[in-house]
Amino acid sequence: MSVTSRHDPVFAAVDLGATSGRVITGRVGPDRLVLAETHRFANTPVLLPDGLRWDVLALYQGMLEGLRAAARSGPVTSVGVDTWAVDYGLLDSDGSLLGLPFHYRDERNAPVADEVTGRFGAQELYGVGGLQHLPFNTVFQLAAHRTTAQWTAARTLLLMPDLLVYWLTGTVGAEVTNASTTGLFDARSGRWSDALIGRMGLERSLFPALREPGGHAGTLLPHVAGFTGLSADTPVTTVASHDTASAVVAVPATEAGFAYVSCGTWSLAGLELDAPVLTEESRAANFTNERGVDGTVRYLRNIMGMWLLEECRRTWERDGTPAGLTDLLAAAARARPFAAVIDPDDPVFLAPGAMPSRIDAALTRTGQATPDSLGGYVRCVLESLALAHRRTLREAAALAERELRRVHLVGGGSRNELLCQWTADATGLPVTAGPAEATALGNVLLQARAHGLVGGLADMRGLVARTQELRHYTPQGDSAPWDRAADRLAVRV
């Protein structure tokens with residue numbers, strides 16, 4: 001563990017996830033990188049008559065409260081904002097937000113996604129954006145939004161982190177790692193695809209100028225500085241505003257041949273490449289090419305991650321059944337191995353609510369017995385995720401013609417020892433787990449680099465490897481049971 005100095009520069013990372021938000025301060029110095037959480041707040045969607053929405057005003061207030069707490073701990077050198085991808089707000093000609101942004105799990109998306117794909121062709125869409133086909137990609141959400149009165153009044157589209165930066169600074173822009181998740185970003189050129197935007201019937205003026213990570217977005221507006229207690233000249237630094245892109249920055253890889261799994265609500269499993277893979281084989285395998293830092297490509301697939309377990313827990317607790325994570329994991333360790341497996345990416349698991357019942361239905365549909373205990377459900381989820389990590393990383397390596405030597409599992413899932421060990425067992429590769437706070441670390445490191453305190457990706461990752469707590473897992477036992485489970489799953493799905 002590194003020792004901080006009160007003279008180390010302090011960077012405030014606003015990190016908003018699908019279930020909670022927090023503001024974290026990071027102190028950076030030579031061989032020092034230490035985080036402290038100043039404020040955490042819930043991110044609770046709101047179901048309105050017209051759909052599922054994000055309560056972005058509550059998120060903004062939570063962010064301001066967190067920055068005020070950060071200011072109380074001492075001078076803040078810079079602020080950076082990251083969030084999840086694909087969702088957006090629309091501004092009118094006065095710069096005012098037109099309603100609460102839609103949630104990517106809203107039911108409006110799936111039928112429109114099919115219609116747009118049918119009209120343009122999956123090959124054409126992939127050839128431009130290089131994105132995994134997901135019903136909530138921004139391009140599909142926009143097609144659903146175009147029939148509304150809000151759309152008629154819209155003059156500017158801001159993805160979620162860009163919206164919050166706009167409210168902090170009054171400046172408008174689109175950070176590239178998040179822009180690359182829209183389906184309207186050209187994966188080859190790294191620019192907006194004017195041709196596809198036009199063919200979709202969208203106004204090019206809706207899409208702001210692109211910003212690269214490490215740039216200067218502006219300084220705090222007077223009322224923001226007044227509320228938070230931060231200096232009015234505090235810069236807001238453009239970080240890798242897609243939370244996975246920030247997390248990949250903090251992957252503590254010190255050698256070639258690494259894969260990563262950024263595991264939280266989603267498991268984002270893949271490789272870091274120098275160029276996109278836009279082959280028909282890649283499209284058919286449903287891999288995405290998203291922008292990383294310094295022109296890199298995050299070649300990955302979204303896997304339904306710890307969402308499955310957390311939705312099970314919410315259901316059990318709502319029904320009055322104690323569902324503490326420690327007890328559930330202990331019960332899972334005792335449960336019978338490979339009693340049941342599911343495909344985490346089955347669309348039936350996307351919506352919230354009643355997850356155990358949906359797992360039961362999927363197992364029944366594939367001729368498997370349903371679990372007879374809570375531990376059995378948890379084991380089913382974790383073994384299925386480990387198998388999904390195995391399948392995805394092996395396919396990514398084959399499609400990108402890479403040899404894998406190690407898996408780095410970062411994010412909240414890195415605290416789950418069963419998942420880490422089973423990912424090592426399933427893949428047959430050593431797993432380095434941690435840091436758990438990879439997204440916040442990546443956010444802080446990019447701010448620090450913009451202020452001349454660290455160098456490039458190798459430098460930042462080396463600092464993470466030297467200063468953060470990491471755990472190492474080696475494959476154990478016979479791989480044959482994993483092979484059989486993978487074969488069984490492949491047949492059934």
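A residue is called buried when its relative accessible area is under 20%, exposed when that figure is over 50%, and partly exposed in between. Keep that in mind as you look around this structure, which is a predicted model.

**Asp15, an aspartate in a strand**

- You'll find Asp15 in strand β1, which covers residues 10-16.
- Which side chain does Asp15 join through a polar contact? That partner is Arg22, and the contact between the two side chains spans 2.8 Å.
- Setting aside neighbours within four places in sequence, Asp15 is in contact with Ser20, Gly21 and Arg22, and also with Asp82, Asp243, Thr439 and Ala440.

**Asp360, an aspartate in a helix**

- Asp360 sits in helix α14, made of residues 355-365.
- Is Asp360 buried or partly exposed? Its relative accessibility is 22%, so Asp360 counts as partly exposed, given that buried means under 20%.
- Once neighbours within four places in sequence are left out, Asp360 is in contact with Thr370, Pro371 and Tyr377.
- Along the chain, Asp360 and Tyr377 are 17 residues apart, and their C-alpha atoms are separated by 9.3 Å.

**Helices α12 and α15**

- Two packed helices are described by the angle between their axes and the distance between the axes.
- Helix α12 (residues 307-318) and helix α15 (residues 374-400) have axes that come within 10 Å and cross at roughly 165°.
- With angles over 145 degrees counting as roughly antiparallel, that crossing makes α12 roughly antiparallel to α15.
- The crossing of this pair, α12 and α15, is right-handed.
- On the α12 side, Leu308, Leu309 and Trp316 do the meeting; on the α15 side their partners are Leu374, Tyr377, Val378, Val381 and Leu385.
- Sorted by class, the contact of α12 with α15 has 8 nonpolar residues, with no polar and no charged ones.

**Helices α17 and α18**

- Helix α17 (residues 438-450) packs with helix α18 (residues 457-467) at an angle of about 130°, and their axes are 11 Å apart.
- That angle makes α17 oblique to α18.
- The crossing of α17 and α18 is right-handed.
- From α17, the residues Leu445, Leu446 and Arg449 meet Leu457, Met460, Leu463 and Val464 from α18.
- What does the contact of α17 with α18 look like by class? It has 6 nonpolar residues, no polar ones and 1 charged one.

**Backbone spots to check**

- Gly434 and Pro435 are joined by a cis peptide bond, with omega about 5°.
- Pro435 belongs to the loop between β20 (431-433) and α17.
- Asp294 isn't a glycine, yet its phi is positive, near 60°.
- Look for Asp294 in the loop between β17 (288-291) and β18 (297-304); at 46% relative accessibility, Asp294 counts as partly exposed.
- Phe338 isn't a glycine either, and its phi is positive at about 55°.
- Phe338 is in the loop between α13 (325-334) and α14, and at 16% relative accessibility Phe338 counts as buried.

Conventions. Residues numbered from 1 in each chain as written. Predicted model: local features only at pLDDT ≥ 70, side-chain atom pairs only at ≥ 80, totals over all residues. Heavy atoms only, no water. Axes fitted to C-alpha atoms, helices over the stretch in contact; angles between N-to-C directions. Helix = DSSP H or I, 4+ residues; strand = E, 2+ residues; numbered from the N terminus. Parallel < 35°, antiparallel > 145°, perpendicular 65-115°, else oblique. Left-handed = near helix turned anticlockwise from the far one by under 90°. Contact = heavy atoms within 4.5 Å. Nonpolar A, V, L, I, M, F, W, Y, C, P; charged D, E, K, R; others polar. Buried < 20%, exposed > 50% of the residue type's maximum accessible area, 1.4 Å probe, protein only. Polar contact = N/O pair within 3.5 Å; in protein donor to acceptor, adjacent residues only side chain to side chain.
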